Amino acid sequence: MAEKERDRRIQDMGTLKALAHPLRMRLYRALTLAGTATASQLAEQVGEAVSLASYHLRKLAEHGLIEEAEPGSGDGRERWWRPASDGVRIRDEDFRDAPEQIAAHTAASRLFFAQRSDMYLRFLDERPDWGEQWAPGAVSSEAVLRLTPGELAELTREMLALVRRYDELGRAAEAGEAGEAEGRENVAVHTYAFPFRA
């Protein structure tokens with residue numbers, strides 16, 4: 001298989017709408033966490049029928065968001081999937097040209113936020129089960145800054161660079177010796193930076 005693209009930029013309405021479907025986004029997120037998986041495995045994770053999961057996985061594949069992967073195990077009759085890129089980016093500037101683009105981008109952004117919010121609420125409910133070692137690092141905070149548009153853009157670039165550095169550290173450890181991968185868990189980092197008026 002070819003090397004995966006890093007942070008594929010989605011710039012067309014068809015791909016945006018394909019990803020901005022609640023079940024497809026859940027399947028895409030589950031597949032991203034698994035690395036490779038079958039429709040059966042993903043259907044079990046999201047609590048849906050295999051036929052429904054298969055249909056939506058094919059839709060994601062039609063738009064190049066996922067692709068077939070080398071079989072992981074089993075008898076070879078079931079398709080294995082993997083994300084086609086290491087992440088996706090959706091930029092406001094790519095969906096400003098028409099009211100339907102603005103509406104589609106807004107609807108997608110609301111869906112992504114709702115699913116991220118659900119993840120955090122689940123963490124809050126499960127927080128006691130994670131143990132004391134995770135408590136100091138898990139954070140929810142808000143900072144109100146006075147910035148120019150250029151400063152906000154620079155802050156965003158710096159935060160994303162920091163997150164990418166830790167992502168690469170974790171990937172390298174997972175690919176390295178067995179001891180380096182021990183104690184690692186999936187960690188969601190949700191950052192929102194936006195202007196507002198009081």
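Is Arg 171 buried, partly exposed or exposed? Arg 171 is partly exposed, at 42% relative accessibility (buried is under 20% relative accessible area, exposed over 50%, partly exposed in between, with a 1.4 Å probe and protein chains only).

1. Basis. This is a predicted model, in which local features need pLDDT of at least 70 and side-chain atom pairs count only at pLDDT 80 or more, while totals for chains, interfaces and linings use all residues. Residues are numbered from 1 along each chain as its sequence is written, and side-chain values use heavy atoms, without hydrogens and water.

2. Sheet. Three strands make an open sheet, ordered E2-E4-E3, with antiparallel pairing. Strands are DSSP runs (E, at least two residues), as are helices (H or I, at least four), numbered from the N terminus. Pairing requires at least two DSSP bridges between two strands. E2 (37-38) and E3 (66-68) are the edge strands; each has a single partner strand, so one side of each lacks a neighbour in the sheet. E2 and E4 (residues 80-83) are joined by two bridges. Ala 37 has Trp 81 in E4 as its bridge partner.

3. Helix over sheet. Helix H2 (residues 22-34) lies across E2, E3 and E4. H2 runs at about 90° to E4. Axes are lines fitted to C-alpha atoms, for helices over the stretch in contact (heavy atoms within 4.5 Å); angles run from 0 to 180 degrees between N-to-C directions.

4. Salt bridges. The structure holds 11 of them (a Lys or Arg side-chain nitrogen within 4 Å of an Asp or Glu carboxyl oxygen). One of them pairs Arg 171 with Asp 86, with the closest N and O atoms 3.7 Å apart. Arg 171 sits in helix H6 (residues 149-175) and Asp 86 in strand E5 (residues 85-90), so the pair ties together parts 85 residues apart in sequence.

5. Further charged pairs. Glu 154 and Arg 157 form a salt bridge at 2.9 Å, N to O. Both lie in H6, three residues apart, about one turn of the helix. Glu 154 is partly exposed, at 34%. Arg 96 and Asp 92 meet at 2.7 Å, N to O. Asp 92 is partly exposed, at 38%. Salt bridges also link Arg 9, Arg 91, Glu 93 and Asp 94 in a network.

6. Phe 194 is exposed at 57% relative accessibility. Phe 196 is exposed at 52%. The C-alpha atoms of Phe 194 and Thr 38 are 38 Å apart.
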